[in-house]
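Have the sequence and the 3D view ready as you read.

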Amino acid sequence: MKKLLILLLAALPAAVMAQTAAFETLYNRYADMKGATTAMVGSDMVKAMGGQTAAGLSQVGGMRIISIEKSLYIGSAEIKRLKDETMKIASGSDYKLVMDVKDDDEVVRIYAKRSAPEGVMKDTIILISEPDEVTVIYVEGELNADAIRQITKSVD
C-alpha cells in the first residue's frame, strides 16, 4: 500500500505539468500562425494590470492568451480546432467547469483545477467563443473572482 501511495504522489506533479505543457504546446502553435494574436503576460505585468487591487493577483504566475478570428488567413475550421483543443485540455480530469455563460452566439466558459481551495481558482482556462472568433486565456497560479474580473477587464 505504501508503494502505491508513493507512486501516486510521485506521478502527481507530472500530471499537473502535462496540463501546463499541453496548453504551452497549443500556445506555441498559434504564436507563429498568420492572423492569430498571442500574448504572454508575466506575473509582474499581471499584478500591474490589477493596479492597487493586485492582492487578488499576487499568486498568479503569468498568463497566455490566444485570439483568432475568421479572416483571410483564419477559417472556420481553425476556429473550431482551437475551441476543440482547448476543450480537450479543459475536460481533463484535473479541471472542472466553474462558469458557463451563453448570450446569443457568445459563450464564455471558465475551467479551474479541482485541487484549489474554496473560493480560489487554480490554473484557470477562460474560453470565450463566438461563431467567427475565439479567445483562450490560460492563467497559471491561483486567483479569486475579483482577479478574474480584473483580467477580463484588461483584455477587453
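## Charges and rings

Arg109 is partly exposed, with a relative accessible area of 21%; partly exposed lies between buried (under 20% relative accessible area) and exposed (over 50%), using a 1.4 Å probe and protein chains only. This is a predicted model, in which local features need pLDDT of at least 70, side-chain atom pairs count only at pLDDT 80 or more, and totals for chains, interfaces and linings use all residues. Residues are numbered from 1 along each chain as its sequence is written, and side-chain values use heavy atoms, leaving out hydrogens and water.

Arg109 also has a partner: its side chain meets that of Asp100 in a salt bridge, meaning a side-chain nitrogen of Lys or Arg within 4 Å of a carboxyl oxygen of Asp or Glu. The count comes to seven salt bridges, including these:

| Salt bridge | N to O distance |
|---|---|
| Arg109 and Asp100 | 3.3 Å |
| Glu24 and Arg64 | 3.2 Å |
| Glu85 and Arg81 | 2.9 Å |

Glu24 lies in helix α1 and Arg64 in strand β2 (residues 60-69), so this pair ties together parts that are 40 residues apart in sequence. Helices (H or I, at least four residues) and strands (E, at least two) are DSSP runs, numbered from the N terminus. Arg81 and Glu85 also belong to a network of salt bridges with Arg29 and Glu78.

How many aromatic pairs does a search of the whole structure find? The search finds one. Phe23 and Tyr138 are stacked, 4.8 Å centre to centre with 25° between the planes; rings of Phe, Tyr and Trp (its six-membered ring) pair if their centres lie within 6.5 Å, and planes under 30 degrees apart count as stacked, over 60 as edge-to-face and the rest as tilted.
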